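Let's walk through a protein model together, one step at a time. Keep the picture in view and find each place as we come to it.

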Amino acid sequence: MPASTHTSRSTSRDASRGGRRTRGPLDPPASFRMVRAVFLSLLAAFTLLPVFVMVTSSLKPLKDVAGQFRWIPSGLTLRPYLDIWHTVPLAEYLVNSLIVAGSATVASVVIAVFAAYAVSRYRFRGKRLFTVTVLSTQMFPGILFLLPLFLIFVNVGNATGIALYGSRGALILTYLTFSLPFSIWMLTGYFDSVPRDLDEAATVDGCGPLGALFRLVVPAALPGIVAVAVYAFMTAWGEVLFASVMTNDTTRTVAVGLQGYSTQNDVYWNQIMAASLVVSIPVVAGFLLLQKYLVAGLTAGAVK
């Protein structure tokens, strides 16, 4: 081997060992990396700034929050986190939200699994019309359904004696009208990506359609089901318009109950911030725990 070649290779190895990395042909230029770092830093600051203001405001006395804003609080207190449970019945609102959002999520996932499996695996008359109808419901704004649903619940209650208006059941049915079409559409595409050979193998082993669904298809489509469940829960948890019309004082959810911290005499800004952080815990915790399945379900459903 020539001495010059050996020397050049030794020099390149020494440069790499010294921490100086040469740019590859596919690596972005330094200017792009710098602009990307600045953009991501600004985006992170834009995202975290409201959270910082909420946390600091929730730890201030009311007079400090109502006065001139300070980035660094002069005094911190946990009193707002204790007062939020007494100013309004926040615990009752949390229970109502958990019941409504949890029931709507379970019902949406169960119904969507059966409907999507039928659309994905079987041919029946009106299949295309059903699919188009499910997708078309997502084109209309939710406020268009507010008055029709209100009249339906009131008339059903007058005709049957079942008090739907103002009940949790009416709110659950209302949220199903939003989450169920999207859940069916998304799970249909995900079930289409599951090989039909699994169903045929299950049939050979003696399983019926339900056995193949629960033993093979559902485990294979678990990320998509989790993504649908997270979507349905988040939709029901933070909805305000229908919850403010379809509920009363005993069935009110947290999304509407936060208005109780604003009275005619005063606005408890520190308690509003504290309550907002408390009611965000279930959604944030569930998202962090199921983030892996959620990302996998959304990306697989989009690509496959």
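Helices (H or I, at least four residues) and strands (E, at least two) are DSSP runs, numbered from the N terminus. With that in hand, look for Ala115, which lies in helix H5. Counting across the protein gives 15 helices and zero strands.

Before going further, a word on what you are looking at. This is a predicted model, in which local features need pLDDT of at least 70 and side-chain atom pairs count only at pLDDT 80 or more, while totals for chains, interfaces and linings use all residues. Residues are numbered from 1 along each chain as its sequence is written, and side-chain values use heavy atoms, with hydrogens and water left out.

How confident is the predictor? The score called pLDDT is its confidence in each residue, from 0 to 100. For this protein the mean pLDDT is 81, and 87% of the residues reach 70 or more. Among the elements, H5 has the highest mean pLDDT, 91, whereas helix H1 (residues 3–17) has the lowest, 47. Over residues 1–16 the pLDDT stays under 50, and the model has three contacts for them beyond four places in sequence; a contact means heavy atoms within 4.5 Å. Where pLDDT is low, the predicted coordinates should not be read in detail.

Now for the way the chain folds back on itself. Among contacts in the protein with a separation of 6 or more, 75% are between residues 24 or more positions apart. Of the 304 residues, 33% count as buried.

Ala115 counts as buried because its relative accessibility is 18%. Its C-alpha atom is separated by 8.1 Å from that of Thr188, 73 residues away along the chain. Ala91 is also found in helix H5, but Ala91 counts as partly exposed because its relative accessibility is 43%. Between the C-alpha atoms of Ala91 and Val254 there are 8.9 Å, although 163 residues separate the two along the chain.

Loops join in as well. Gly166 sits in the loop between helix H7 (146–160) and helix H8 (168–193), and Gly166 counts as buried because its relative accessibility is 7%. Which residues does Gly166 touch, not counting those up to four places away in sequence? They are Met246, Thr247, Asn248 and Thr251. Gly166 and Thr247 are 81 residues apart in sequence, yet their C-alpha atoms are 4.2 Å apart in space. Another loop, between helix H13 (254–257) and helix H14 (269–289), holds Val267. Leaving aside neighbours within four places, Val267 is in contact with Leu62, Tyr261, Ser262 and Ile272. From Val267 to Leu62 is 205 residues in sequence and 9.0 Å in space, C-alpha to C-alpha.

Next come the charges. Side chains of opposite charge can pair when their charged atoms come close. A salt bridge is a side-chain nitrogen of Lys or Arg within 4 Å of a carboxyl oxygen of Asp or Glu, and a search of the whole structure finds two. One joins Arg79 and Asp83, whose closest N and O atoms are 3.1 Å apart. Both residues lie in helix H4 (residues 79–87), four residues apart, about one turn of the helix. The other pairs Arg252 with Asp249 at 2.8 Å, N to O. Arg252 counts as partly exposed because its relative accessibility is 23%, while Asp249 is exposed because its relative accessible area is 56%.

On a 1 Å grid over the protein atoms alone, a pocket is an open set of points where a 1.4 Å probe fits, with protein on both sides within 12 Å along at least five of seven lines; lining residues have an atom within 4 Å of a point. The largest pocket holds about 160 Å³ of space, a volume being the space filled by probe spheres set on the points, which are joined across faces, edges and corners. Its lining includes Tyr117, Arg121, Asp199 and Pro209. H5, helix H9 (197–204) and helix H10 (209–220) each supply at least two lining residues, and H9 gives the largest share, three.

Conventions: Buried means under 20% relative accessible area, exposed over 50%, partly exposed in between (1.4 Å probe, protein chains only). pLDDT is the predictor's confidence in each residue, from 0 to 100.
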